[in-house]
Amino acid sequence: GHYRPMIFVGHGLRVGIFLSLATLAAFILTKSETDKKKRTIRFLTGLYLFAILYLSRNLGASMITALLLPVVLLFSVKKQLMVAALISSVVLLYPILRGLHYVPTGTITSAFEAISPDRAQSLKFRLGNEDILLDRANEKPLTGWGGYDRQRVFDPVTGRG
């Protein structure tokens, strides 16, 4: 029932990720600035972008920003790289862990139901699609499906994906 801006990209969720990255970049520039006046302007710009992100109603992008903002502001570059490596490892291992049923999807969905039933329903839909795609990927685990949409799942009756 609310408006979600799409600006110049195809979906409102992409706008949220873009705003999240822009907010984090503004705070990174704030941290690297030596001139006090410019530093204040960049800090206010970061706060402004964070407010716009909040108003865009992107819970996931807002959570990403809220989790990474302390890392950007408080950690050294070396520790930031360690956090980046950890996040990259999670992203790379997620499909494997999901396929082995080590990801507690029921617990995660229940946590989202406490926030919003609509968001929990959206998450259930996405996790259901992941299950379908993981089943398809497991049909050829070593060689994969290749290109040309062979990895997609099609309805046998209609032939549509």
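Phe 27 is buried, with a relative accessible area of 2%; here buried means under 20% relative accessible area, exposed over 50%, and partly exposed in between (1.4 Å probe, protein chains only). The structure is a predicted model, in which local features need pLDDT of at least 70 and side-chain atom pairs count only at pLDDT 80 or more, while totals for chains, interfaces and linings use all residues. Residues are numbered from 1 along each chain as its sequence is written, and side-chain values use heavy atoms, with hydrogens and water left out.

A pair of aromatic rings is described by the distance of the centres and the angle of the planes. Rings of Phe, Tyr and Trp (its six-membered ring) pair if their centres lie within 6.5 Å; planes under 30 degrees apart count as stacked, over 60 as edge-to-face and the rest as tilted. By this rule the count comes to two aromatic pairs. Phe 8 lies in the segment before α1 and Phe 18 in helix α1, so the pair ties together parts that are 10 residues apart in sequence. (Helices are DSSP runs of H or I with at least four residues, numbered from the N terminus.) Phe 8 is exposed, at a relative accessible area of 62%, and Phe 18 is partly exposed, at 48%.

The rings of Phe 27 and Phe 43 have centres 5.6 Å apart and planes at 75°, so this pair is edge-to-face too. The pair links distant parts of the chain, with Phe 27 in helix α1 and Phe 43 in helix α2, 16 residues apart. Phe 43 counts as partly exposed, at 36% relative accessibility.

Helix α2 itself spans residues 36-55. Its 20 residues reach 29 Å from the first C-alpha to the last, close to the 28 Å expected at 1.5 Å a residue (the expected span is 1.5 Å times one less than the number of residues). Gly 46, Leu 49 and Leu 53 are the buried residues of α2. Seen down the axis of α2, they fall within an arc of 65°, so they line one face of the helix; the arc is that of the directions from the helix axis to the C-beta atoms. These buried residues pack against α1 (12-32) and α3 (59-74), where contact means heavy atoms within 4.5 Å. On the other side of α2, the exposed residues are Lys 36, Lys 37, Leu 44, Tyr 48, Tyr 54 and Leu 55.

Helix α6 (residues 117-137) can be read in a similar manner. Ala 120, Leu 123, Leu 127 and Leu 134 are buried in α6. They cover an arc of only 60° around the axis, which puts them on the same side of α6. The buried residues of α6 pack against α4 (77-99) and α5 (105-115), whereas Asp 118 and Phe 125 are exposed on the other side.

Two loop residues complete the picture. Arg 57, in the loop between α2 and α3, has a phi near 60°, a positive value in a residue other than glycine. His 101 lies in the loop between α4 and α5, and its phi is near 65°, again positive in a residue other than glycine. Arg 57 counts as partly exposed, at 38% relative accessibility, and His 101 as exposed, at 68%.
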